[in-house]
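Reader: I want to learn how to read a model like this one. Where do we begin?

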Amino acid sequence: MRRLGTTRRTSRTVTVGLCAAALAAALAAPAQAWQAPARQAQGRGPQPHWVLKDSGTDVRFRGLSAVGRDTAWVAGSKGTVLRTTDGGAHWRNVSPPGAAELELRDVEAFDARRAVVLAIGEGEASRVLRTDDGGATWTESFRNTDARAFYDCVTFFDRRHGLAMSDPVDGRFRILSTADGGRSWTVLPSAGMPPALEGEAGFAAGGQCLVASGPRDVWLATGGAARARVLHSADRGLTWTAADSPVPAGDPARGVFALAFRDRTHGLAVGGDYRADQPSPRSAAVTRDAGRGWEPAAQPPPAYRSGVTWLPHSRSAALAVGPTGTDLTTDGGRTWRTVDAGSYDTVDCAPDRGCWASGEKGRVARLEG
């Protein structure tokens, strides 16, 4: 979607407390390694909290990929890409040469050396670049030449197979496909894509408007039209079905902004109205049937949210973030509780329980404690 204009002043406090017992209990997963936070919640140590990491820049990072507790990539405005391999103590600027005019809104990293970034915008502003050497060099693997297309998000099923999505062209969302890790891309046929609604588009807000789970399932979030929808494909983007979500739309600034699936059945949707002066009722929804049906959260986040992720190895806990705070659910998305007031645009967790968030003014944080 063409515009996102959320801005908010925030402090640069180094450590921000997160929710005391609620988050600690959520982190107390069955895995033995997560028993410490439960003990800490009883007053035996520090609580889990976001710790801001000095990125050395003030650009906005809407793209984030958590490889692990030590390694993460962020991508943002002015063509900026940063990478850390020591838990955020140091960040290396690995921005693609000559990319200062690009808006990088999504990054998908396979490890500390291999990553794909998506630049958004109309026409040739939409591009895909890949690095195989930690950002020392980059190769442009796709440049959009259709002035009608505007790419929003990219996702990968595995290290080889991935998709990118564009706002509708000729009345249907356009899907790019790669089978070689993002080194080359092909536009998929549109015959299996249902018609877009009038005004319908995706939101390039936090790299989560297109998400995959497992080897073949992928979901696409929309807004801007009379209804906010979630589209699902079970064959890597060849054919799609559409389902209405309860998240309000009806305006170019409203709809579903981010999705997260912990498996091919259980998913979360968050969004709202990104304008700071507008309310965002029913800003979250949940599905238990692969996205065929969506139910509104009984107690949603109190405001617009642009990023969401399941906590690793948990069947019920997840985090959602936005310009006005972080929210936690411990019941699979039915109810949400605000646990932090810091501004973030996106959030991501790695299998080793390394959770990261990023956003405006160079903000990058890791969940610690």
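Author: Begin with one residue and its neighbours. Lys53 touches Gly87, Gly88, Trp91, Trp356, Val364, Ala365, Arg366 and Glu368, leaving out residues up to four places away in sequence. Keep in mind that this is a predicted model.

Reader: Where does Lys53 sit, and is it buried or exposed?

Author: Lys53 belongs to strand 2, residues 49–53. Buried means under 20% relative accessible area. Lys53 has 15%, so it counts as buried.

Reader: Which side chain makes a polar contact with the side chain of Lys53?

Author: That of Glu368, at 2.6 Å. Glu368 is also in the list of residues that Lys53 touches.

Reader: Let me step back to the whole chain. How many helices and strands are there?

Author: The protein chain has two helices and 29 strands. It contains 369 residues, and 62% of them are buried.

Reader: How do I read the contacts by sequence separation?

Author: Take contacts between residues at least 6 apart in sequence. In this protein chain, 53% of them join residues at least 24 apart.

Reader: What is the volume of the largest pocket?

Author: About 1000 Å³. It is lined by 40 residues, and those closest to its centre are Glu108, Ala212, Thr309, Asp348 and Cys349.

Reader: Which strands supply at least two residues each to that lining?

Author: Strand 3 (63–66), strand 7 (103–109), strand 11 (150–156), strand 15 (210–213), strand 19 (254–261), strand 23 (307–310) and strand 27 (346–349). By residue class, the lining has 22 nonpolar, eleven polar and seven charged residues.

Reader: Now a loop. Where is Asp345 placed?

Author: Asp345 is in the loop between strand 26 and strand 27. Asp345 has a relative accessible area of 1%, so it is buried.

Reader: What does Asp345 contact?

Author: Beyond four places in sequence, its contacts are Arg60, Phe61, Arg62, Ala205, Gly206, Ser306, Gly307, Val321, Ser358, Gly359 and Glu360. With Arg60 there is a polar contact between the two side chains, at 2.6 Å.

Reader: How do I read a side chain that reaches a backbone nitrogen?

Author: Look at the distance from the nitrogen to a polar side-chain atom. For Asp340, a polar atom of the side chain lies 2.9 Å from the backbone nitrogen of Gly342. Asp340 itself is in strand 26, residues 337–340. Its relative accessibility is 5%, so it counts as buried.

Reader: Which other aspartate can I read this way?

Author: The backbone nitrogen of Arg334 is 3.1 Å from a polar atom of the Asp331 side chain. Asp331 is in the loop between strand 25 (325–329) and strand 26. At 27% relative accessibility, Asp331 is partly exposed.

Reader: And C-alpha distances?

Author: Asp340 and Thr324 are 16 residues apart along the chain, with C-alpha atoms 8.5 Å apart. Asp331 and Ala318 are 13 residues apart, with 8.7 Å between their C-alpha atoms. Leu231 and Ala243 are twelve residues apart in sequence, and their C-alpha atoms are 6.3 Å apart.

Reader: Stay with Leu231. Is it buried or exposed?

Author: Leu231 is buried, at 0% relative accessible area. It is placed in strand 17, residues 229–233. Setting aside neighbours within four places, Leu231 contacts Phe173, Met193, Pro194, Val218, Trp219, Leu220, Thr222, Trp240, Thr241 and Ala242.

Reader: Where do His313 and Arg353 lie?

Author: Both are in loops. His313 lies between strand 23 and strand 24 (318–322). Arg353 lies between strand 27 and strand 28 (355–358).

Reader: What are their relative accessible areas?

Author: His313 has 49% and is partly exposed. Arg353 has 18% and is buried.

Conventions
Residues are numbered from 1 along each chain as its sequence is written. This is a predicted model: local features need pLDDT of at least 70, side-chain atom pairs count only at pLDDT 80 or more; totals for chains, interfaces and linings use all residues. Side-chain values use heavy atoms; hydrogens and water are left out. On a 1 Å grid over the protein atoms alone, a cavity is a set of points where a 1.4 Å probe fits but cannot get out, and a pocket is an open set with protein on both sides within 12 Å along at least five of seven lines; lining residues have an atom within 4 Å of a point. Grid points are joined across faces, edges and corners, and a volume is the space filled by probe spheres set on the points. Helices (H or I, at least four residues) and strands (E, at least two) are DSSP runs, numbered from the N terminus. Ala, Val, Leu, Ile, Met, Phe, Trp, Tyr, Cys and Pro count as nonpolar, Asp, Glu, Lys and Arg as charged, and the others, Gly among them, as polar. Buried means under 20% relative accessible area, exposed over 50%, partly exposed in between (1.4 Å probe, protein chains only). Contact means heavy atoms within 4.5 Å. A polar contact is a pair of N or O atoms within 3.5 Å; within protein, one must be able to donate a hydrogen and the other to accept it, and residues adjacent in sequence count only if both atoms are side-chain atoms.
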